[in-house]
Structures are given as structure tokens and as C-alpha cells.
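Hi,

Here is the structure I wanted to pass on to you. Have a look at it first, and my notes follow below.

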Amino acid sequence: MDVIPTKKDLLEAQSRIAPFIHQTPVLSSKSINEIFGMEVYFKCENFQKMGAFKMRGATNALLSLPAHELKKGVTTHSSGNFAQAVALAAKLNNIKAIIVMPENAPKVKKDAVLGYGAKVITCESTQEARERATAKVVLEYGCTMLHPYNSFEVIAGNASASIELLNQVKGLDVVIAPVGGGGLLSGTALGTKYFGKAQVFGAEPENANDAYTSFKTGNLITKQTPSTIADGLRTTLGDKCFKIIKNEVKDIFLVSEQEIIDAMKLVWERMKIIIEPSSAVAVAGLLKNKEKFKNKKAGIIISGGNVDLKNLPF
Amino acid sequence: MKENILSAYQKISPFIVNTPLIKSAYLSRLTNSDVYLKLENLQTTGSFKLRGALNKIFSNTNNNYFVTASTGNHALGFAKALQLSNKKGVVFLPENAKKNKIEQLKQYNVELKFYGKDCVNTELFAKKYALEKEAVWVSPYNDESIIYGQGTIGKEITDCLNSFDNIFVCVGGGGLISGVAGWIKSNHLSTKIFACQPFNSPEMSISIKKGKIVENYINSPTLSDASAGGIETNSITFDYCKLFVDDFLLAKEEEIKQTILAMLKHQKTLIEGAAAVPIACLINNKEQFKNKKNVVIVCGGNIDIKLVKEWM
């Protein structure tokens, strides 16, 4: 797919992936509503298979491949949720998956990928080494490389979370999602544009503000050196994602590391659900700007719940 | 009982969360069965206790002053219920009550009084106080209105799920199981009722086996603090348990702890010890329950995150 997905593309993606994903619940909490001064609805992708929305985009990207390429298998390089998502999506469809992971990837993540039956190739942790190792896999095995976010198939798959949310909660005024590479925010923006009337906002850590800067200046930033607890958002905004975000997103909010940690703790304690720091970025973004949205109905895409339980920030 | 629970539901439903009933992929896989979780840890105040307390207060609208004794979830439910119904009341706590519990209660603008060194003494004193002040005593479990309030969980479950084979409920004083089992039995469902307790504080289980309420049982500390402790003499919940419970299952401390961690990791939800007890019991006896439709009431999520963090 070389052009921005249409409404029809999104619907096709949604039905293509439906057998392989969970329709996740939407939760709300009276005490959260009181604190925010608005109605807040949490779209719980932390309850998604493998614990994150990435399952949606990965599954759509995989199932969009022609049969002769699927036969040869798929590959990606990732240390995080996308690796698990590709491994699980491949397993559910009996497709071979070879995942390139940096040698410093947490053991639990590597074990999870292995647990889904994928082959793991380790490499040095630099971006260059990862890309080189992935290219080698493509050449050697003829696998197709799936990009974690800068792909219209991935974006169309991710959009299904917001489409579900808009069906589950009628009359949303605002939808907010975290932004790293931009795969979730651009999908959310498209889903909301086609299926709802809400304004879409992004939230990003101050310490990884490439999407914010790109959005504000109109020029895509391609390099940054992020240092944020929100490990899922350390990636740099993709150009395909940016094309959508710059037109369909109303604004991007920045949040500090402390605001991320506080929001994460607030949700754990008040909602009793486990969210990862990347998801807390969206919660913090909404909370920080609560005056703008007084008495409105807001949806937050809770992107995932894969937390390193041994290194909690609070 | 059905009519009473329906009437409770009518009164309290605008003020409570109809908590989600979700199918747990993780537990279903682990136990080779269909496992559904009724997530009362997502209830307002973090546990099911708000239901009973609200129903008790709404059933005594002519009174304006209410008294209870509790250090935990019942106190929170009671305090929130007072706030929602615009009534006044007091919570008695033992002098050694935990700081974080006191802080939580203070959010609700409820009067707090401290008396005695253990819950039994505090409760006796609080009851006497209620009598003197002509206030309504709100028992955590030994009260029909409380039981009907908790029974509304049963109604919400059967509204979502037509039939299921087994239900697993944590038992302390027995208010929750009396209400939920009462709903199921008075609707003539064939669902089996499993009462779950920690090994370290299994008073109801022992009482039912002995045919009478055991007194002065020496229990051990348990992570299931919300269900720990003895049962009041002549508690109506004893008779309900005798009537409704198909079997008792017990969980060890290590199993409770591992279940809390597993639910964090795989279910992405924070549960307290008492909520882990029925899940641990289901896992322990998974051969007996395989290929069945099993419902577990996740009764609360009020656990100190610092404690959980220490386990990791």
C-alpha cells in the first residue's frame, strides 16, 4: 500500500485481523473522572494478545502479504512489543518468523519471542547492526521485513483500536494516543477521522520530542537521542506516519518524566490495571491539559501493559 | 432472596460500577477451561464492599447516623456510601491501624475513632457506641441488607453469562458468598459454589466442618487480609454457607503471592490477596474443573504497591 489508507482499507484491515486479536474492553473510573474533571474512557490494549496494540498492526501487515511471500516467512528487528507481535501473529497463521533482537534486549522479551515459536537472531545493539542483521535474514531466507510503524498496513491495523473505541463509547469529543514512531497515533487519527467526530491529540515525552518538533515545524526530524522511561516511544517518527499526523492530529502534548511516572502510578492505584510507561504518557498528557477538556468525553488509547516488573519507577 | 437482591440492585445500581466480566485468556489456557473474571477490583473504592454498605444505608433512610468498625475495604465502602447518600457516620479503628488505610479513609470526610488493640475489641466497643447513640450498626457481613447488596454481583454476572458450571468466591465473614450464592440458588441455577479461603485463616471452612461456629480460633497472618478473622457468634452467614456452599477450597500463602504476581504479569490487573485466593484455588484444582465454565469473583484490588514491588 503506497497511499494513505481509505475508510474501506481500514474496514478490510479490521475484519482481516478480527479472528486473531481481542476486542479489548473500555474501562472508566469515577475517581479518575473526578481528578480529570471530564469523562475518561480507557481503551485497554494492555489486555490485547501479547499485551499491546502492536498485535493489530503486525497481524494486518502479515496477512496483507501475498501467499507466495508469506510462505517464505517474515522478519523484523525489535527489542520490544513489535517483536512479540510479529512472532505471535506468525505463529497463529503458521508462518515462519525470524526476529532480530539486540543482544541487550531483556531476557523476558527474548523468551517471550522464543515462546511464540519464532527464531531469534541476536546482534549488537546499534541501529546499524540491527538493520544489517535484518537485511541478511531477508537475503538468506527470502523473508519479508515488516516495519514496526512506518507502514500503511501497520497503521491500518492499528486504527482498529480507535474504531472499536468509537463503537464502544458514543459521542467522544477527544481521543488521545502516545506517539513514538507514530504508528498508533496515525492509525488513531485515521480511525477517528473516518468513524467519529472527536479531535485527536498525541502525547510524547519531553525527552523524546521528535514528533512534537516535526509537528510544530512541519519538517520531519529524523534523528534524536531520546532518554525516557517510556521505552516504547524512543523510536523516531516515520515519514508515512508523519504524513497522516500533520494533517489529522489537532495537537501534540509534551510531558516530563515525573509526570509519566505519576500518571502510571495513578492508573495502577486507582484503576487497578497495569499500564506501561508509554501508555502513561497519554494519560499524563490529558491530565496536564485537563482545563482544555473540562466536562468533555475523552478516550485514551492505553497502548500496552508490558512493564519490567523488576524495575518499577515508583 | 431473589426479590431482595433485585430490590437492592434497584437502589444501588446508579451509584456503583457494573464491573466488567471478562474472559481470561491466560487463566483459561492455564486451567484448560473457560475462566471468567468479575472484576470487583475495578469497583469504586477498590472492592465490592460499597455494594453492601450502600444497600444498608439506603434501607435505613429514616436514620441519619451510622457506625461501623473496620480497618479495610468495608470501612472504605462504608465511607463512600455515606458520602453518596449524604449521611453521617463514624468508623472505629484499632489504635494500631495502618497509616495508608487511615489516609485512604480521610479522603471521604468520615469521622474516625480509635479504640483498642485488636479488631474484636474495637468492634465490641463500636457496637456499644452505636447502641448508646441510637445509630445504625453496619456490620461488615452479618446483616441481611449487606448480603443482598453483595448479591447484586450475582445478578450482574448472570445478566452477562447465561450459564456456568462453577463459581469461586473468597470467604471471610461470608457476606459476599451468601449474597452471590443466594442469587444463584434462588434462580435455580445448577452452578456449584466453591468457597475459597487461605489456609492461614480458614474459620468458616472449619466452622462448617464442625457444624458450629468456632470461636477463638488461632489463625496466622495472611496476605488475604481482607478475608482474615473469625466469624461472629450466631452469624447468619454461617447458615447461608451451610445451605449454599458445595465445597471449601484452601490456598497457601505462597500460592496467593504467586497469583497476585501472575495476574500483574499476564492479566495486567492489580488484585489484592483475598482476590488471589479463589484464583489460586481454581489453579490448584484445575483437573477437577477442566473443560468447564468457571467464574471467579476478583473481590478487590486494594494492595500496597510497595509490598508487591518487594516481591519482584
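A word on terms before the sheet: two strands count as paired if DSSP finds at least two bridges between them. Helices (H or I, at least four residues) and strands (E, at least two) are DSSP runs, numbered from the N terminus.

Bear in mind that this is a predicted model, where local features need pLDDT of at least 70, side-chain atom pairs count only at pLDDT 80 or more, and totals for chains, interfaces and linings use all residues. Residues are numbered from 1 along each chain as its sequence is written, chains are lettered from A and ligands numbered from 1 in the order in which they are written, and side-chain values use heavy atoms, with hydrogens and water left out.

Chain A first. It has an open sheet of four parallel strands, ordered β5-β4-β3-β6. The edges are β5 (119-123) and β6 (144-145) of chain A, each with a single partner strand, so one side of each has no neighbour in the sheet. Between β4(A) (residues 97-102) and β5(A) there are five bridges; Ile98(A), for instance, has Lys119(A) in β5(A) as its bridge partner.

Then there's helix α8(A), residues 152-168. Of its 17 residues, 15 are buried (under 20% relative accessible area; exposed is over 50%, partly exposed in between, with a 1.4 Å probe and protein chains only), so the helix is largely enclosed by the rest of the structure. At its start, a side-chain oxygen of Ser151(A) comes within 3.3 Å of the backbone nitrogen of Glu153(A).

Now the rings. Phe, Tyr and Trp rings (for Trp, the six-membered one) pair if their centres lie within 6.5 Å; planes under 30 degrees apart are stacked, over 60 edge-to-face, and the rest tilted. That gives twelve aromatic pairs over all chains. Phe92(B) and Phe125(B) are edge-to-face, because their centres are 5.7 Å apart and their planes at 70 degrees. This pair links strand β4(B) (residues 88-93) to helix α6(B) (residues 119-132), with the two residues 33 apart. Phe92(B) is buried at 1% relative accessibility, while Phe125(B) is partly exposed at 27%.

Phe125(B) also stacks with Tyr115(B), at 3.8 Å centre to centre and 10 degrees between the planes. Tyr115(B) sits in the loop between β5 (111-114) and α6 of chain B, so this pair ties together parts ten residues apart in sequence. Ring pairs join Phe92(B), Tyr115(B), Phe125(B) and Tyr129(B) into a cluster.

Cheers

Notes:
Polar contact = N/O pair within 3.5 Å; in protein donor to acceptor, adjacent residues only side chain to side chain.
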